[in-house]
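Q: I am new to this structure and would like a close look at one part of it. Could you walk me through a pair of packed helices, and then show me what lies around it?

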Amino acid sequence: MDEQQFVAFRLGSEEYGISILQVQEIKRITDITRVPHAPAYVQGVINLRGSVLPVIDLKTRLNFVSQDYTDDTRIVIVKIEEYSVGMIVDAVSEVLRLTDEQIEPSPDFVGGLDAEYIQGIGKVDGRLVILLNMTSIAMIDTTAKVG
Amino acid sequence: MDVNQYMGMFMDESREHLQTLNRCILELEATPEKLQILDEIFRSAHTLKGMSATMGFHDIAEITHEMENILDMLRKGKLAVTSSIVDTLFKCLDFLEQLVEAIAQGGSAKLDIAELVAQLRNIAVGKPVESSIAQLEVAAAIAQPLEADNACVLNDFDRNNVAAAIQQGMHVFEITVTVSSDCLLKAARAYLAFAALDDMGNIIKTVPETTEIEKENFEDSFIVLLATDHEAEQIEHAVLNISEIAQVVIKPVLVQVNVPTSVTSEDAAVSKVEAPKDTNPNAEACELAPVQHQKNKVNHTVRVDIEKLDDLLNLVGELVINKTRLDQIGSTHNLPDLVETIEAMDRVTTDLQNVVMKVRMVPIGQVFNRFPRMIRDLARDLSKEINLVIQGEETELDRTVIDEIGDPLVHLLRNAIDHGIESPQERIAAGKPSIGEVKLVARQEGNSVVIEVIDNGKGINPDIMRDKAVEKGLLSRAEVDRMDNNEAVRIIFLPGFSTAAKLTDVSGRGVGMDVVRAKIESLGGTVEVDSRIDQGSRFTIRLPLTLAIIQALLITLGEEKYAIPLSTIDSTIRITASELKTIQNREVILLRDNVIPIVRLARELQVQQTVSEEEDELYIVIVQMGEKRAGFMVDTLVGQQEVVIKSMGKLLGGIRCIAGATILGDGQVALILDVGTLMQ
């Protein structure tokens, strides 16, 4: 039986997941340099061992109300094609193992999210985990770039 | 043999040689009397032949071989350089290019080279020379079949040597030594075989050349031409004694000693000179040395994978960041010893950086080189007369940019010739010289390289641009009417726009200028157009020197630190708020009697808290780009520092006002300002 692993994290009260194959590492929040004229959801850039990476505030990206960072706030570094991007999340909880049966294809609308951001819905012990499609989330949003 | 590992090298070198050939043959066409060019052409063709034969690309080898025959005849004056010969040579190059590119695509395209080869042979044989040198050719023709059995091609010098040896009663053998295919140290085995052969006689020639064999630039076998007193069996035995030698084939070389009767006196002289050498086999090596030396000078390079250079540059970047860090520790903790040591280290890292940068930089001439040929062909196809002027080919650009800039330039040049330059008749009618001029100019300007394509043709008519844009449904009539002429000319960069009334295969396939613009912008550059009707057009490409380590001035705006490339900075000044004046609602200052517009950086960059708004003393950084100057208002000046430009990735690549990012000594990321955009 095919099994996939997901890094589960929290945004507000909802649980989300990213395929573990895309996750490079998880960092505590560090100094973020603001980038003027960047889209609003781009929090800025960070230094990850000598490379400069953009950091996206995932809550702003997905139209949540953004909150201040806490001790639990983490930056999940994901690798999309050859680019690394940091995603700010409220807390990282665990690594989930999901079988294909536990993953349902994405419905058209989940909590107001565009379907293209969602890869599917995972069901574990009665919990629902929204599995995100990082490639479309991190894609350059050309319309928002005009500063 | 597994040739795949050599494939990259083969492709690079083949393309290089093809380019040399193109350039040289063009030069030959212009100055047929310059025989040195023929030598260079010959050398390139020869190398190409050797390489392709080794790699098993027989079509390429065959064409180059036939080319070589003709070139040799040209060189020796047996043929005169005529336009038909030059055309045929160019045709050969086209075929070779196609073959090489087909290999690059992974296939081995089967082009029909038979006709071309026949044509070449016709030139070599069928069209005998009109002049009196015909006799010589006959002599050559006689010599040819005699050597037909032998794989190695003898030149006159070798032939004299062979003849001399035979006259002295020595045997001359062509020995083909094959190294077993699993041999790891081919060069070492070859050396042992050489040593053994050298002991037994006198090595006249090797194929490939000795230096190439030493570098292991041969497949499994090499050929040695040996003059010796020993018998064939003895030689075979001696060579086979060396381990990992798979096979030795020995063939006697017969050169008809009587053929060059007309030059016996000369020949005798040669053999006399040779005579003492035969007693000392080493003398031969000495004699060969200067020739090889000369060759090495021409090509003393190492090919390195660009990724390795990227890694190296990154590491040097890290080193610089850490050095800056140490520097800061030294000054914060007041450690004079440390500061002194770092100063010494500083010099080393600076040199290191310069070297690494230089290694990555390639003169743009590499790209420009292929254009004269292209223009010549185009001009011919379109029956236009064009003079291409190239300036600044020594301007250096990062290798990655060089690789990408070729296609956009081809497009611009093709457009200039196809749409820009008029036919000679039209030009004369317009009162212009019949020969049109296309200029390709490159120069460094601060942190960017500017490449201009300028033609003195008919220019771009803004009204026609407007009409076409409406006709093609790209813009509405109202939109185009609002545009001034400059904007209208810029319509050329819109996707789906092509001005050619009828599509030619030269340009105007509808994927022209918007692709050019996209490509250049993807490299972080800009392209502008300036055009005057009947005077011509000028396309200006501005490209950054990417991946560089630059000197920058660090400034603060509120809590944030930014870097301004030092190369754009004219000076820094401190003014009082009362010195700020306004002209037409724009803030300006007067500096040495010049009016300089002021840019409040904090506002431009949306910085929240800033002190400079209220302070009476203001720091102004005067920046300059080309002729334009501006003053950037900043909070404080931190200091000058060298910074490593890091890309911000695809997501933030094209962001306004920011040219890149850098990592400071404390690990923080600071953004590098794009001075050009901020000035506008």
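A: Welcome! This is a predicted model, in which local features need pLDDT of at least 70 and side-chain atom pairs count only at pLDDT 80 or more, while totals for chains, interfaces and linings use all residues. Residues are numbered from 1 along each chain as its sequence is written, and chains are lettered from A and ligands numbered from 1 in the order in which they are written.

Let us start with the helices. Two packed helices are described by the angle between their axes and the distance between the axes. In chain B, the axes of helix 8 (residues 186-200) and helix 10 (residues 232-240) come within 9 Å and cross at roughly 150°. Helices here are DSSP runs of H or I with at least four residues, strands are runs of E with at least two, and both are numbered from the N terminus. Axes are lines fitted to C-alpha atoms, for helices over the stretch in contact, and angles run from 0 to 180 degrees between N-to-C directions. The crossing angle makes helix 8 of chain B roughly antiparallel to helix 10 of chain B (angles over 145 degrees count as roughly antiparallel).

Which residues meet? From helix 8 of chain B come Ala193(B), Ala196(B), Leu197(B) and Met200(B), and from helix 10 of chain B come Ile235(B), Ala238(B) and Val239(B). Contact means that the C-beta atoms of two residues, placed from the backbone, lie within 7 Å. The residues of this helix contact divide into seven nonpolar, no polar and no charged; Ala, Val, Leu, Ile, Met, Phe, Trp, Tyr, Cys and Pro count as nonpolar, Asp, Glu, Lys and Arg as charged, and the others, Gly among them, as polar.

Elsewhere in chain B, two loop residues are worth a visit. Most residues other than glycine have a negative phi. Asp593(B), however, has a positive phi of about 70° and lies in the loop between strand 16 (586-591) and strand 17 (594-600) of chain B. Cys657(B) also has a positive phi of about 70°, in the loop between strand 20 (636-644) and strand 21 (658-663) of chain B. Asp593(B) is exposed, with 5 other C-beta atoms within 10 Å, whereas Cys657(B) is buried, with 21 (buried is 20 or more, exposed 12 or fewer, with partly exposed in between).

Finally, chain A has two helices and eleven strands. The contact between the chains takes 22 residues from chain A and 21 residues from chain B.

How values were computed
Parallel < 35°, antiparallel > 145°, perpendicular 65-115°, else oblique.
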